[in-house]
Amino acid sequence: MAAKQPTILEKIYSQRQKDVEQLKSTPGASLNDLKTYLSMNLAPTQIDLVSRLKVNPSTSTDNPSLSLMAEIKRASPSKGEIAMDINPAQQALTYAQSGASVISVLTEPTWFKGSLLDMHLVRRAVDKLPNRPAILRKEFVFDEYQIAEARLHGADTVLLIVAMLSHERLSALYAYSVSLGMEPLVEVNNADEMTRALDLGAKVIGVNNRNLHDFQVDMGTTSRLVDMVRERDVVLCALSGISGPQDVRVYKEQAVNAVLVGEALMRAKDTSSFIRDLLDWPASAH
């Protein structure tokens, strides 16, 4: 019988393990070094993800919309190259000035063509803005090292993917992230994973409409899990596949709090007007 082929998620995880091992052995960049830098207060100041997600250009109106997590993504395993020439700092500034509550920066180099430098410069680009967006390190996190690294380079939060972590690893990484003042975005794709995220005490849960094992998108994934967080103090975010106002309207009716949009924003000709139309925000928002 033929050996089972690794899924895309398993391939990425395997490569990232090698990458992180190499980084950890770089002089001046060990986990102890990173912890020392953090203890010296060399990381830039942070903001609270939960409260930032609750504010957007429409929250003071009679008909508040969802908040936006705007993503910087050059490429992906399912779509290949998306926007290879994008300048991450410039794109981030546009997102921030258009009202994004969070800027998500993919830092995985092999499949998504991102880097920690991208995130570092994104943070620098929005740093002086009033009420700047929170910065999310979008990464395949399995080691405390990646969280320390994220914090040092200016992230306010990190992504933890329930599908790729054991219960012990998920709990340890969640606790470490919170110990650094970063409430993580905990990503789920089904009811079992949602239960694990809720048991963890996660305050911000993202439902990925894309299955990371085969990269198929099902926009109903978020809708099916909404009831599990009703009456709970959880900020629920819909991740992946969101391309137009019709997607956002459905989620708004279901009381989803935020949407993460990457590819559609990266391909938009006029990013600001696309964001306004997508979220039905007032034109004079910013």
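These legends describe close-up views of a predicted model.

View 1. UniProt, in an unreviewed entry, lists residues 9-278 as "domain: Indole-3-glycerol phosphate synthase". Over this range the chain is 41% helix and 16% strand.

**View 2. Glu 187 in strand E7.** Strand E7 covers residues 185-188 and contains Glu 187. Glu 187 is buried but has no salt bridge. Lys 138 is the nearest side chain of opposite charge, at 5.5 Å; a salt bridge would need a side-chain nitrogen within 4 Å of a carboxyl oxygen. Leaving aside residues up to four places away in sequence, Glu 187 touches several residues, among them Leu 159, Leu 160, Ile 161 and Val 162. Glu 193, Gly 206, Asn 208, Leu 212 and Leu 239 are also touched by Glu 187.

**View 3. The two sides of helix H8.** In helix H8 (residues 191-200), the buried residues are Glu 193, Met 194, Ala 197, Leu 198 and Leu 200. These residues lie on the same side of H8 because they cover an arc of only 155° around the axis. Asp 192 and Asp 199, on the other side of H8, are exposed.

**View 4. The ends of H8.** At the N-terminal end, H8 is capped by Asn 190, with a side-chain oxygen 3.2 Å from the backbone nitrogen of Asp 192. Gly 201 follows H8 and has a positive phi, near 90°.

Definitions and conventions
Residues are numbered from 1 along each chain as its sequence is written. This is a predicted model: local features need pLDDT of at least 70, side-chain atom pairs count only at pLDDT 80 or more; totals for chains, interfaces and linings use all residues. Side-chain values use heavy atoms; hydrogens and water are left out. UniProt positions are given in the numbering used here, feature names are shortened, and annotations may be inferred rather than shown by experiment. Helices (H or I, at least four residues) and strands (E, at least two) are DSSP runs, numbered from the N terminus. Buried means under 20% relative accessible area, exposed over 50%, partly exposed in between (1.4 Å probe, protein chains only). Lys and Arg count as positive and Asp and Glu as negative; His and the chain ends are not counted. Contact means heavy atoms within 4.5 Å. The arc is that of the directions from the helix axis to the C-beta atoms. A polar contact is a pair of N or O atoms within 3.5 Å; within protein, one must be able to donate a hydrogen and the other to accept it, and residues adjacent in sequence count only if both atoms are side-chain atoms.
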